[in-house]
Amino acid sequence: MSEHQSPDISGSKLNEQRFHILEQIAQEMGGNIVFPVCFEITAKISLVMRSKAPTIQKIAVEIQKDPLVTSKILKLANSVTYNPGGANVTDLNQALMRIGMQATRSLALACAMEQMSQSKAVSPFEAFSREILLHSLKASMVARVLAQKLAPHLHADSAMLAGLVHDLGAFYILHHAVRYPELVERPDSVKYLVAQWHESIGVILLDALGLPEEVVESAADHDFPRTTPVEHLRSLADVVYVANLWADGLNEVQKLDAPGTAIEPPELTNPKYVALQPEFEAAVADFMSTW
Ligand SMILES: [Fe+2]
Ligand SMILES: [Fe+2]
């Protein structure tokens, strides 16, 4: 224990704090979930996408209200991934046409996640939330490459979105955990709480954000070791499972009290995925250069 920690907290008190957080989260999830304001654009894009006549123009109206998202959309549209021919665009509408609605929504979400990870509200867990953000950005591009190369029946941009948001529940838990000084002093305890609960909480959040059903489903149990190795990517959930591992998600997996977490997942040595490693790295580097 460090000299700054509260001296009077025992294991059971800590458990009590953890339980309080979960209780509070459950209560909030039972009613109207209030997202931080940075998620407003994402929610509006989702509304447009679920409307009868979704158009790029309607999405552009929402995007241009936010200069940060606008500039990142332009950068992404001119990145190697979306612009292998090197023909740059300078106009938001053209950029949106090039990357499409799904990737646009991913970008808006990534910006919201970054703002959330940098906000004062999670500053006591700054390093941890930064780690989750970088892992999420990495997982999004690994998922995109996996879908593109090994699962053409799945939409690469849906895979990107699913990879990006699979750990969204973790940010939400951190937002609640900061209200408990005992937990702020014991970040490891919070990591345990996140490991145990972020998947189920994430599913509820993604649903509330209006994301597609298969994306929501892919966040469920993404850390839980599979009983049979994933050799074929049949669903977005399979893609997210493998992408999470290749995006350094193994430490998340190892914090679960689950059988099979001590052995190296076979998906990390499967030659099919190993052969794609240079492409994972190139796509991640390309995406990060637009950030
Ligand atoms: Fe996770
Ligand atoms: Fe993860």
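**Reading the model, feature by feature**

Analyst: Just after helix 10, Gly210 adopts a positive phi of about 75°. Helices here are DSSP runs of H or I with at least four residues, strands are runs of E with at least two, and both are numbered from the N terminus. This is a predicted model, in which local features need pLDDT of at least 70 and side-chain atom pairs count only at pLDDT 80 or more, while totals for chains, interfaces and linings use all residues. Residues are numbered from 1 along each chain as its sequence is written, and chains are lettered from A and ligands numbered from 1 in the order in which they are written.

User: Where is the kink in helix 10 centred?

Analyst: A bend at a residue is the angle between two fitted axes, one through the seven residues ending there and one through the seven starting there. In helix 10 (residues 187-208) the kink is about 55° and is centred on Trp197. Among the buried residues of this helix are Val194, Ala195, His198 and Glu199.

User: What is the criterion for "buried"?

Analyst: A residue is buried if 20 or more other C-beta atoms lie within 10 Å of its own, exposed if 12 or fewer, and partly exposed in between, with C-beta atoms placed from the backbone. In this chain, buried residues make up 42% of the 291 residues. Helix 8 (residues 168-177) is mostly covered, with nine of its 10 residues buried; these include Phe171, Tyr172 and His176.

User: Which residues is Met141 in contact with, leaving aside neighbours within four places in sequence?

Analyst: Two residues are in contact if their C-beta atoms, placed from the backbone, lie within 7 Å. With the neighbours within four places in sequence left aside, Met141 contacts Met160, Ala283, Val284 and Phe287. Met141 belongs to helix 6 (residues 126-150), and it counts as buried because it has 26 C-beta neighbours inside 10 Å. The C-alpha atoms of Met141 and Leu164, 23 residues apart along the chain, are separated by 8.1 Å.

User: How many residues does the largest nonpolar core have?

Analyst: A nonpolar core is a set of buried Ala, Val, Leu, Ile, Met, Phe, Trp, Tyr and Cys residues joined through C-beta atoms within 7 Å. The largest one has 82 residues, and Val142, Ala143, Leu146 and Val239 have the most contacts inside it. Helix 5 (residues 92-118) supplies the largest share of this core, 12 residues. Beyond its neighbours within four places in sequence, Leu146 is in contact with Ala151, Ala159, Leu233, Val239, Val242 and Ala243.

User: Into which domains is the chain divided?

Analyst: Domain bounds come from an automatic or database domain assignment. The chain is divided into domain 1 (11-32 + 119-289) and domain 2 (37-100). Their centres, taken over C-alpha atoms, are separated by 25 Å. Seven residues from domain 1 and 10 residues from domain 2 take part in the contact. On the side of domain 1 that touches domain 2, helix 15 (residues 277-289) gives the largest share, three residues. The residues on that side divide into four nonpolar (Ala, Val, Leu, Ile, Met, Phe, Trp, Tyr, Cys or Pro), one polar (the others, Gly among them) and two charged (Asp, Glu, Lys or Arg).

User: How many helices and strands are in the chain?

Analyst: The chain has 15 helices and zero strands. Its radius of gyration, taken over C-alpha atoms, is 19 Å, close to the 19 Å of the globule rule for 291 residues, so the chain is as compact as a globular protein of that length. That rule is 2.2 Å times the number of residues to the power 0.38. The C-alpha trace spans about 65 × 45 × 35 Å along its principal axes. Of the contacts between residues at least 6 apart in sequence, 70% join residues at least 24 apart.
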